[in-house]
Amino acid sequence: MSDQIFLTGIAGFGYHGLFDHERQNGQDFFVDVALTVDLTAASKSDEISDTVNYAEITNLVVTHITTQPVNLIEKLAGRIADHILKDHAKVLEATVTVHKPQAPVDAVLKDIAVQVTRKR
């Protein structure tokens with residue numbers, strides 16, 4: 001299956017991280033999602049019921065970013081991907097990339113990100 005839906009740069013402010021200052025002060029997180037979905041029916045019918053509602057996916061991602069802090073962005077990415085598969089039967093595969101551009105490291109860098117892929 002090569003049909004995909006992409007949601008890029010979903011932003012939220014969260015309190016994820018290992019350090020106390022991350023849990024107290026929070027920071028910006030950005031999430032990209034790639035969904036493998038059979039879009040054959042939707043491309044013919046023009047009906048939302050034949051695809052995945054990306055507004056629902058976006059809301060799900062924002063909720064995970066802004067609630068229930070975790071230590072690792074690996075956990076956050078996995079939790080989002082698992083939740084997408086659980087709630088959206090039409091999604092065959094979900095790839096989730098969590099970006100943490102303000103990660104507390106001793107170097108100047110543009111971004112730190114992790115990516116997970118979950119399949120049915």
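I took two strands as paired if DSSP finds at least two bridges between them. Strands (E, at least two residues) and helices (H or I, at least four) are DSSP runs, numbered from the N terminus.

I worked on a predicted model, in which local features need pLDDT of at least 70, side-chain atom pairs count only at pLDDT 80 or more, and totals for chains, interfaces and linings use all residues. Residues are numbered from 1 along each chain as its sequence is written, and side-chain values use heavy atoms, with hydrogens and water left out.

**Entry: the sheet.** I found an open sheet of four strands in the order β1-β2-β3-β4, with antiparallel pairing. At the edges I noted β1 (4-14) and β4, each of which pairs on one side only.

**Entry: strand β3.** I looked up the pairing of β3 with strand β2 (residues 27-37) and recorded eight antiparallel bridges. With strand β4 (residues 113-119), β3 forms seven bridges, also in the antiparallel sense. I followed Ala94 of β3: it is the bridge partner of Leu35, and in β4 its bridge partner is Arg118. I also noted that Val98 stands opposite Val114 in β4.

**Entry: burial.** I counted a residue as buried under 20% relative accessible area, exposed over 50% and partly exposed in between (1.4 Å probe, protein chains only). Seven of the nine residues of β3 (residues 91-99) are buried, so I describe this strand as largely enclosed by the rest of the structure.
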